[in-house]
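Hi there,

Here is the structure I promised to pass on. Please have a look at it first, and then read my notes below.

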Amino acid sequence: RLLIPEHSRPMATVHLSLRAGTLHDPPGREGLAHLTGQMLLRGAGDLSHEQIAERLDYLGSYAGISVDRHLTSVTADALIRNLDTLQELIQLTLTRPSFPEEEVERIKRQRLAELDQIRDHDSSLGYRFYARRLFADHPYGRPGLGTENSVEAITRADLVRFYEDRYSAHGALEAGCGDIDEARLEAF
């Protein structure tokens, strides 16, 4: 756990990293880690994507999810007076994602559009070919965002299975900064 206290402003930022990166994508399902991470804020418990976004907006808070080769990271910030409510919302998204089918299809369409744009972006395309050539069959050589075929092949069941297999507090890294102490970070 990492903590940088800064009590001059009534805000806090918390960060949680889980061992659920693109290196854990099964062959033929490249992009699975990214899509799973994005789906966390697309529905949880009884809340829809719109309801989660509205609650974050109402709180004046931010929550974002990023995925790299090794980790899925959740970053959230809020005014201290709203930190408990934000904590409940983040806890819900991490422990009870609903993976609504319509959101799965929407996010897959968005990813396919992103992949289509990569074809027109020389440096991104060049990096993909470079990584594939350099790392060959190693997971580093596979595209983390996926390919058209791998994204189309990903199902809701794949997302749920990846979530169940990889999203665990075991080995998680927690960090916080702002008007927060060790006990409050641990509670979050």
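Predicted model: local features only at pLDDT ≥ 70, side-chain atom pairs only at ≥ 80, totals over all residues.

**Starting at Ser150**

The side chain of Ser150 makes a polar contact with the backbone nitrogen of Thr147, at 2.8 Å.

Residues are numbered from 1 along each chain as its sequence is written, and side-chain values use heavy atoms, with hydrogens and water left out.

Back to Ser150, which sits in helix α6. Helices (H or I, at least four residues) and strands (E, at least two) are DSSP runs, numbered from the N terminus. Is Ser150 buried or exposed? Ser150 is buried, because its relative accessibility is 3%, and buried means under 20% relative accessible area, with exposed over 50% and partly exposed in between (1.4 Å probe, protein chains only). Setting aside neighbours within four places in sequence, Ser150 is in contact with Gly28, Arg29 and Glu30, where contact means heavy atoms within 4.5 Å. Ala187 is 37 residues from Ser150 along the chain, and the C-alpha atoms of the two are separated by 38 Å.

**The chain as a whole**

The chain has 8 helices and 7 strands. Its radius of gyration is 18 Å, close to the 16 Å that the globule rule gives for 188 residues, so the chain is as compact as a globular protein of that length. (The radius is taken over C-alpha atoms, and the rule is 2.2 Å times the number of residues to the power 0.38.) Along the principal axes, the C-alpha atoms fill a box of roughly 50 × 35 × 30 Å. Of the 188 residues, 39% count as buried. Among contacts between residues at least 6 apart in sequence, 81% join residues at least 24 apart.

**Two helices with buried residues**

Helix α1 is mostly covered, with 7 of its 8 residues buried. They are Leu32, Ala33, His34, Leu35, Thr36, Gly37 and Met39. What do these buried residues pack against? Their partners are β3 (43-44), β5 (62-67), α4, α6 and α7.

Helix α7 covers residues 156-166, and Asp158, Leu159, Val160, Phe162 and Tyr163 are buried there. These buried residues pack against α1 (32-39), α3 (83-95), α4 (101-118) and α6 (148-153).

**Two buried strand residues**

Thr72 lies in strand β6, which runs over residues 72-79. Thr72 is buried, with a relative accessible area of 0%. Its side chain reaches the backbone oxygen of Ala20 at 2.7 Å. Leaving aside neighbours within four places in sequence, Thr72 is in contact with Leu16, Ser17, Leu18, Ala20, Gly21, Ile65, Ser66, Val67 and Tyr167. Thr22 is 50 residues from Thr72 in sequence, and their C-alpha atoms are 8.7 Å apart in space.

Ala12 is in strand β2 (residues 11-18), and Ala12 is buried at a relative accessible area of 2%. Not counting residues up to four places away in sequence, Ala12 touches Ala76, Asp77, Ala78, Ile80, Leu83, Cys177, Gly178, Asp179 and Ile180. From Ala12 to Thr36 there are 24 residues in sequence and 26 Å in space, C-alpha to C-alpha.

**A loop residue to look at**

Phe99 is in the loop between α3 and α4. Most residues other than glycine have a negative phi. Phe99 is not a glycine, yet its phi is positive, at about 45 degrees. Phe99 is also buried, with a relative accessible area of 2%.

Happy browsing, and write back whenever you like!

Notes. Polar contact = N/O pair within 3.5 Å; in protein donor to acceptor, adjacent residues only side chain to side chain.
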